[in-house]
Amino acid sequence: MAQMPALIPKEVEIQRLKKIYIMVIMLGSIAASVEVDNFVDGSLHQTAIRDSAFTPAHWWLYSHFVALPVGWGMVAVYDRRVPILRGPGNSMNTGLKITIIGYLATMFTIGVNEMWHFWFVEEIFSVPNHWMFNMGVVVAFMGALAYVVRVYARLVELGAETPAKNPYVAEMYKLALEGKLYSRSIP
């Protein structure tokens with residue numbers, strides 16, 4: 001594949017990629033808090049006979065499934081400022097597409113979940129409407145991982161991962177790259 005010519009200065013592209021990393025870290029922390037709420041919601045289901053979409057545990061859970069696709073959509077909008085990250089045919093990056101589709105699937109599953117529980121009262125996590133939550137999140141994580149790897153690979157290509165100016169830290173960085181960081185302590 002032919003190398004794409006630089007369309008923006010290297011320093012500007014590095015700064016934009018770092019901003020994308022900050023956004024991804026924020027969205028990752030939101031996604032991690034969904035896991036905490038999963039345990040809260042599970043314990044609530046063991047004590048309450050029936051809950052609804054208006055149960056406080058569901059407020060927290062469902063707000064994430066709206067915030068995550070919107071957040072990743074904002075990453076996709078900002079991603080357009082880094083031309084090298086675009087997908088085939090100048091489209092959106094494939095990892096971003098997969099991430100947004102996965103979180104949109106979880107967002108629309110909220111309605112399906114409530115309709116299911118309107119007709120079938122059981123609150124068992126192995127029922128098919130809960131499978132869609134899990135599959136959507138797994139697909140979103142796979143897309144996010146692909147996107148993060150692509151951003152990191154581009155940062156490495158640009159040489160953003162350079163040693164620090166402090167000579168001691170630069171020496172440690174050099175030893176780590178050579179795989180000798182801890183070898184000095186081993187006789």
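Reader: Why is Tyr78 called buried?

Author: Tyr78 has a relative accessible area of 16%. Buried means under 20%, exposed means over 50%, and partly exposed is anything in between (1.4 Å probe, protein chains only). So at 16%, Tyr78 counts as buried.

Reader: What kind of model are these values computed from?

Author: This is a predicted model, where local features need pLDDT of at least 70 and side-chain atom pairs count only at pLDDT 80 or more, while totals for chains, interfaces and linings use all residues. Residues are numbered from 1 along each chain as its sequence is written, and side-chain values use heavy atoms, with hydrogens and water left out.

Reader: Where does Tyr78 lie, and how far is it from Lys19?

Author: Tyr78 lies in helix H2.

Reader: What makes a stretch a helix here, and how many helices does the protein have?

Author: Helices are DSSP runs of H or I with at least four residues, strands are runs of E with at least two, and both are numbered from the N terminus. The protein has 5 helices and 0 strands, giving the pattern α-α-α-α-α along the sequence. Of its 187 residues, 34% count as buried.

Reader: How do you know how H1 and H2 are oriented to each other?

Author: Helix H1 (residues 10–47) packs against H2 at about 165°, and their axes are 9 Å apart. Angles under 35 degrees count as roughly parallel, over 145 as roughly antiparallel, 65 to 115 as roughly perpendicular and the rest as oblique. At about 165°, H1 is therefore roughly antiparallel to H2. As for the method, axes are lines fitted to C-alpha atoms, for helices over the stretch in contact, and angles run from 0 to 180 degrees between N-to-C directions.

Reader: Which residue classes make up the contact of H1 with H2?

Author: The contact has 18 nonpolar, 5 polar and 5 charged residues. Nonpolar covers Ala, Val, Leu, Ile, Met, Phe, Trp, Tyr, Cys and Pro; charged covers Asp, Glu, Lys and Arg; the others, Gly among them, are polar.

Reader: What about H1 and H4: parallel or antiparallel?

Author: Their axes come within 10 Å and cross at roughly 155°. That angle makes H1 roughly antiparallel to H4.

Reader: And why are H2 and H4 called what they are, parallel or antiparallel?

Author: H2 and H4 pack at about 25°, with axes 13 Å apart. So these helices are roughly parallel to each other.

Reader: What makes a crossing left-handed or right-handed?

Author: A crossing is left-handed if the near helix is turned anticlockwise from the far one by less than a right angle, and right-handed if clockwise. H1 passes H2 in a left-handed crossing, H1 passes H4 in a left-handed crossing, and H2 passes H4 in a left-handed crossing too.

Reader: Why is the pair of Trp72 and Tyr147 called edge-to-face?

Author: There are 2 aromatic pairs in the structure. In one of them, Trp72 and Tyr147, the ring centres are 6.4 Å apart and the planes stand at 80°. Rings of Phe, Tyr and Trp (its six-membered ring) pair if their centres lie within 6.5 Å; planes under 30 degrees apart are stacked, over 60 edge-to-face, and the rest tilted. So with planes at 80°, the pair is edge-to-face. Trp72 sits in helix H2 (residues 56–79) and Tyr147 in helix H4 (residues 128–158), so the pair links parts of the chain 75 residues apart. Both Trp72 and Tyr147 are buried.

Reader: How do His117 and Trp116 come out, buried or partly exposed?

Author: His117 is in helix H3 (residues 94–119), and its relative accessible area of 3% makes it buried. Trp116 lies in helix H3 too, but at 23% it counts as partly exposed. His117 is 9.2 Å from Asn129, C-alpha to C-alpha, and 12 residues away in sequence.

Reader: Which residues does UniProt annotate as "transmembrane region"?

Author: The unreviewed UniProt entry puts that annotation on residues 20–39, 59–78, 98–119 and 131–149. Such annotations may be inferred rather than shown by experiment. In this model, residues 59–78 are 100% helix and 0% strand, with end C-alpha atoms 28 Å apart. Residues 131–149 are also 100% helix and 0% strand, and their end C-alpha atoms lie 27 Å apart.
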